[in-house]
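Q: I would like to learn how to read some features of a protein model. Please take them one at a time.

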Amino acid sequence: MAAQASIAVGSQVWVEDPDEAWIDGEVLKVNGDTITVKCSNEKTVTAKASHVHAKDPEESPCGVDDMTKLAYLHEPGVLQNLKSRYDMNEIYTYTGSILIAVNPFRRLPHLYDIQMMEQYKGADFGELSPHPFAVADVAYRLMLNEGISQSILVSGESGAGKTESTKMIMRYLAYMGGKAATEGRTVEKQVLQSNPVLEAFGNAKTVRNNNSSRFGKFVEIQFDQKGRISGAAVRTYLLERSRVCQISESERNYHCFYMICAGSPEEREKYKLGDPSTFHYLNQSNCYKIDGLDESKEYLETRKAMDIIGISSEEQEAIFRIVAAILHLGNVEFAEGDDVDSSKPKNEKSMFHLRTAAELFMCDEKALEDSLCKRIIVTRDENIVKTLDAEAAKGSRDALAKTVYSRLFDWLVTKINNSIGQDPTSKCLIGVLDIYGFESFKTNSFEQFCINLTNEKLQQHFNQHVFKMEQEEYTKEEIDWSYIEFVDNQDILDLIDKKPGGIIALLDEACMLPRSTHETFAQKLYQTFKNHKRFVKPKLSRSDFTICHYAGDVTYQTELFLDKNKDYVIAEHQALLGASGCSFVSGLFPLLSDDSSKSSKFSSIGSRFKQQLQSLLETLSSTEPHYIRCVKPNSLLKPAIFENQNVLQQLRCGGVMEAIRISCAGYPTRRTFLEFIDRFGILAPDVLTGSSDEITAVRRLLEKVDLQGYQVGKTKVFLRSGQMAELDARRNEVLGRSANLIQRKVRSFLAKKSFIALRRSAVQIQTVCRGELARRVYQGLRREAASLKIQTRYRMHNARKAYTELSASALTIQSSLRGMAARKEIHFRRQTRAAIIIQTRCRQFLARLDYSRTRKAAITTQCFWRGKVARKELRKLKLVCLYVT
């Protein structure tokens, strides 16, 4: 790393500008400790020498992929390097072993496909471009090779892209540890599909992030000895319950509420849902849609993910019925009742939503109304029913909604863990931490207080690992080392969670006192921490307080601190839903025994959350950590915008500058003398001969291999970045040469053995083949002789058969011809005889016919003539008679 160059007139420099963080320019004048610079924005700035840094004349417009390679190590150089890479869509940059990820606010699918994962599989760290896959691959290979559990801590402020980075890491681990060609619900599929389910019920749009995680998540992925995923567990921390009932302008409630409102018409009709703007828990903000997000498609994807996880269709139905019931519950308004300080549903619309909520919860409508409007005070002698006014009933309604949603979210986490299952035989795991980023809003309540405490704890873990433990080990080993200063936040942690005088302890104490208010709590804080340099009392407020966090000052409003710190379920709500006709709902509210209910009357969320954080940090401390620092380039959540001041503040808060310095100046690789000799003794075997002690042997070994810049401590060897890789390369060369020699001997032996076996096999094969060929020739001769006999017999048979057939045919033809001639002759004779008979009969017939005709004609003629004669005689007789008379 080059030292800061001398600054002369005309040189190119970076100068600190209050408006733009750092800006480049040219030196006009140097006057002692004061330097005048003409900036690129045409302004002329006079600044102290400590606020001016030389610019690298050979700086690449593409930047460097590892900021430990920067020629000049200062804030403007780091900032410019990130900006140059960001402008080219190179959003990932190394800081030694730490990955800096700048949120592009756009889809870059080519960076995360299967081909990209295949490239990073087994690649050395730093060999390829910076990427979350590289960090995940290093963690995976370290776990396999050294048998040490790993953790990957993804940190950054809200909207910096932590959740997406976590998803990419889990995808890569699932790719590396998944079972090839498997069907059904495998562990890796269930682990990946837990993300969309938890996002649907635990993520929401905030001012700073369209998909902000409103809970912390630590995923423990367990592996077997072969590196396959064998189990997993999801640990969640501090769901923001108040968001269910109250959202700020430009924000949204949890995604699941909008998904169910975008479901199919049949489902909306079944749950009696409409547009999100009709529900009180959703219409407190005018934001109902997110650009580029299809709620109906997300709803189907969530249901599909639930199927893969193992949530049955009946359980899914109950889950979304509860979500719909919460929406209807929020629309129940209250008005003054008939009695003093009593309340009742305001109008028929409220009664409709009350009835619908009761139907969806499968509980009695009247019992639900009473649980919202009344309280039962248990005394020694009797139970007294106390009515609640409208405002108290509204608070009871919101408390019920928050409790139900919180229990539902806890059930989902438990179901996911039970469905995936844990491997009790697993020795190693990789933990991926995705937890809320540092938050500072216009109004900061108890949730922001706990979230920022988490970030303080993680920052301390980062300091412990990167700075404190590193430098303490250098001091312990008594090596030559220049101490690097860094901001230690232990005093903030003592301020918040120290017992008995920390803020959380005082908050628990105030919650247990019957007449405490947020104002008395605030006064207690002012009195206790009036001289604390990290605690500030705002001038214009009677109950707010400000903490100077590592990432900036945050002012907290204490109005709801006491209520939000109390974690208990109202007895009426417990009894109501515990008796639900739906087994799923009643399962969320199991009946408690009297002893347990009394002992759990007050439970501090702050103290329990502190214990969860302590458990998380203990888990992280037992693993080898890897860090991904996510950076939000602008507060507009839009691509191609890089706000220098915003990014610089995040770099300062994340300790990136100190990390670069310690990576460049420190010794990231260290091995005990025994481990070092055992691993690299083959580089110079002669130095190990004799009775020299370990440290002498190590020094002689290092001198022999001509390594520069190392340090030898009391029990360990400390190597600079890259030196371990150099030694491993030399070791691989020696092993390669030795392997070649062994391979030659083995191959020679195997070749000789193979030749003898091959020759013996060839002789045996030839013998068998020749015998087989002789048998085949003899068999062929036998078949040929047999075929000749068969042909002779066959031809003789065919000739005899042909002659016999021909003779029989000739006789048949002759007989037929003679028979035909005889038949013709007899036929002719018969015809002749028949003709004569016919002629005879015909002549006879004609003669008879002629005789008959002649005879008939004669008779007719005779008759005619006789008649004529008779008539003539008759006339004569008539004339005679006439004359006589």
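Q: In which order do the strands of the open sheet of three strands lie?
A: Strands of a sheet pair through backbone hydrogen bonds, either parallel or antiparallel. In this predicted model, the open sheet has the order 18-19-20, with antiparallel pairing. Strand 18 (535-536) and strand 20 (552-556) are the edge strands, each pairing on one side only. Two strands count as paired if DSSP finds at least two bridges between them. Strands here are DSSP runs of E, at least two residues long, and helices are runs of H or I of at least four, both numbered from the N terminus.

Q: How many bridges join strand 19 to strand 20?
A: Strand 19 (residues 545-549) and strand 20 run antiparallel and are joined by five bridges. His 549 has Gly 552 in strand 20 as its bridge partner.

Q: What should I know about the numbering and the limits of the model?
A: Residues are numbered from 1 along each chain as its sequence is written. Because the model is predicted, local features need pLDDT of at least 70 and side-chain atom pairs count only at pLDDT 80 or more, while totals for chains, interfaces and linings use all residues; side-chain values use heavy atoms, with hydrogens and water left out.

Q: Which residues of helix 15 are buried?
A: Buried means under 20% relative accessible area, exposed means over 50%, and partly exposed lies in between (1.4 Å probe, protein chains only). Helix 15 (residues 503-512) is mostly covered, with seven of its 10 residues buried. They are Ile 503, Ile 504, Leu 506, Leu 507, Asp 508, Ala 510 and Cys 511.

Q: How many salt bridges does a search of the whole structure find?
A: A salt bridge is a side-chain nitrogen of Lys or Arg within 4 Å of a carboxyl oxygen of Asp or Glu. The search finds 29. One of them joins Lys 564 and Glu 447, whose closest N and O atoms are 2.9 Å apart. This pair links distant parts of the chain, 117 residues apart: Lys 564 is in helix 17 (residues 561-565) and Glu 447 in helix 13 (residues 446-477). Lys 564 is buried because its relative accessible area is 15%, and Glu 447 counts as buried at 10%.

Q: Where do Lys 346 and Glu 333 lie?
A: Their side chains meet in a salt bridge (3.6 Å, N to O). Lys 346 lies in the loop between strand 14 (343-345) and helix 10 (348-361), and Glu 333 in the loop between helix 9 (313-330) and strand 13 (334-336), so the pair ties together parts that are 13 residues apart in sequence. Lys 346 is partly exposed at 48% relative accessibility, and Glu 333 is partly exposed at 40%.

Q: Are Glu 240 and Arg 243 buried or exposed?
A: Both are buried. Their side chains meet in a salt bridge (3.1 Å, N to O). Glu 240 and Arg 243 are also linked with Arg 214, Glu 251 and Glu 439 in a network of salt bridges.

Q: Which residues gather in a patch of positive charge on the surface?
A: Patches are made of residues with over 30% relative accessible area and no salt bridge, like charges being joined within 9 Å. The positive patch gathers Lys 868, Arg 871, Lys 872, Arg 875 and Lys 876. Lys 872 lies in helix 26 (residues 723-884) and is partly exposed at 48% relative accessibility.

Technical notes
Patch = residues over 30% accessible without salt bridge, like charges linked within 9 Å, V, L, I, M, F, W, Y side chains within 5 Å. Areas by Shrake-Rupley, 256 points an atom, 1.4 Å probe, with all protein chains shown as cover. Lys, Arg positive; Asp, Glu negative; His and termini not counted. Charge placed at Lys NZ, Arg CZ, Asp CG, Glu CD.
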